[in-house]
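Thanks for coming, everyone. Please bring the structure up on your screens, and I'll talk you through it.

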Amino acid sequence: MKSAVKISAVAVLCLVPALAAAQAWPSKPIKMIVPFPAGGGTDFIGRLAAKQLGDRLGQPVFVDNRGGANGAIGAQALMQSPPDGYTIAAISDGPTVINPALYEKLAYHPLRDFVPVAMMIKFPSMLTAHPSTGLRTVADLIAAAKAKPGALNYSSGGTGNFSHLGLELLAYQAGIKLTHVPYRGVGPATMALLAGDVQLMYNNVATALEHVRAGKMTALAVGEPKRLAALPDIPAIAETVPGFEFAAWVGIFAPAKTPPEIVARISRETAAFLKDPEVMKIFGEQQIVASYRDSDDFAVYIRKELDKWAGIIKTLGIKGE
């Protein structure tokens, strides 16, 4: 009996430093990895979250862009980081639930190597064209693609990125052939369309809308099931291609074994800033949808998304590069 008491006492003493460290967190700046270059939607949300979390946690949160391989490079950097709460990441659906279906030898698995901390937002998406194409509608696009299969090209943030899969899904459902031109992130892919280097792009509304309003891109349609209330003049792709729907999301992740107290704190602060009036105003202007899920609910969602995208990617026959 005395031996058991001694063991319990030792166990408690061993836990004291860990508990103290969690209670003192954060005592220094926090790094937030964004696994894409600056300028894209995930980067926009990552920087907004970094500012908001920094204000609430009392320590600076700085963004570290690690682009490449549809976010796999940044995700792997997170996996290799110490699980002490001082390295977190803003990661979208591509690296999390699509890469595992694209790559046979992926260095990480999202539910083994990461802790899903909190889902933040969903991005309504928009199909855009360079004004020089003369395309104005999805019907125009389909007609042009059927007249000259493969002649129309489109940029994306990389193989497996939402900007790639959105147009691949559209091409599959519409029975047309388009040519894919991948870039290292949505930011560079957007610049390629603006420069006229490519003709089409499936982008998030938050990134594309300012360029549409400036006349530098033509909005053909949105990827939501119905028209967006704030953009009633832009039709939904589903009006021409029934059943089409596709939107990207972004959440916060931490390395596996990050203390649960820290995960819970970040998740709570995330839920709080998503309700902040200034943040809600930004989301309204950019057509971003707050979509908070706590750590447990987010993990369940990711498990379902992994199963869904494994089936879709197999059907589309897409392979990682």
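**A histidine and its neighbours**

Let's start at one residue. His211 touches Thr190, Leu194, Lys216 and Met217, leaving aside residues up to four places away in sequence. Contact here means heavy atoms within 4.5 Å. His211 sits in helix 9, residues 205-213. Helices (H or I, at least four residues) and strands (E, at least two) are DSSP runs, numbered from the N terminus. Is His211 buried or exposed? His211 counts as buried, because its relative accessibility is 15%. The cut-offs: buried is under 20% relative accessible area, exposed is over 50%, and partly exposed is in between, with a 1.4 Å probe and protein chains only.

A word on the ground rules. This is a predicted model, where local features need pLDDT of at least 70 and side-chain atom pairs count only at pLDDT 80 or more, while totals for chains, interfaces and linings use all residues. Residues are numbered from 1 along each chain as its sequence is written, and side-chain values use heavy atoms, with hydrogens and water left out.

**The whole protein**

Now zoom out. The protein has twelve helices and eleven strands. Its C-alpha atoms fill a box of roughly 85 × 40 × 30 Å along the principal axes. Buried residues make up 54% of the 321. Take the contacts between residues at least 6 apart in sequence: 80% of them join residues at least 24 apart.

**Empty space**

Next, the gaps. Rolling a probe the size of a water molecule over the atoms shows where empty space is left. We use a 1 Å grid over the protein atoms alone: a cavity is a set of points where a 1.4 Å probe fits but cannot get out, a pocket is an open set with protein on both sides within 12 Å along at least five of seven lines, and lining residues have an atom within 4 Å of a point. Grid points are joined across faces, edges and corners, and a volume is the space filled by probe spheres set on the points.

How big is the largest pocket? Its volume is about 270 Å³. It is lined by 16 residues, and the closest to its centre are Lys122, Glu245, Phe246, Ala247 and Lys308. Helix 12 gives the most to this lining, with five residues. Strand 4 (114-123) and helix 12 (295-316) each supply at least two. By class, the pocket lining has ten nonpolar, no polar and six charged residues. Nonpolar means Ala, Val, Leu, Ile, Met, Phe, Trp, Tyr, Cys and Pro; charged means Asp, Glu, Lys and Arg; the others, Gly among them, are polar.

The largest cavity has a volume of about 100 Å³. Of its 14 lining residues, Gly41, Thr42, Asn161, Phe162 and Val186 are the closest to the centre. Its lining has six nonpolar, seven polar and one charged residues.

Last stop. Most residues other than glycine have a negative phi, and most peptide bonds are trans. Trp25 and Pro26 are joined by a cis peptide bond, with omega about -5°. Asn70 has a positive phi, near 50°. Asn70 is also buried, because its relative accessibility is 4%. Gln287 has a positive phi too, about 60°.
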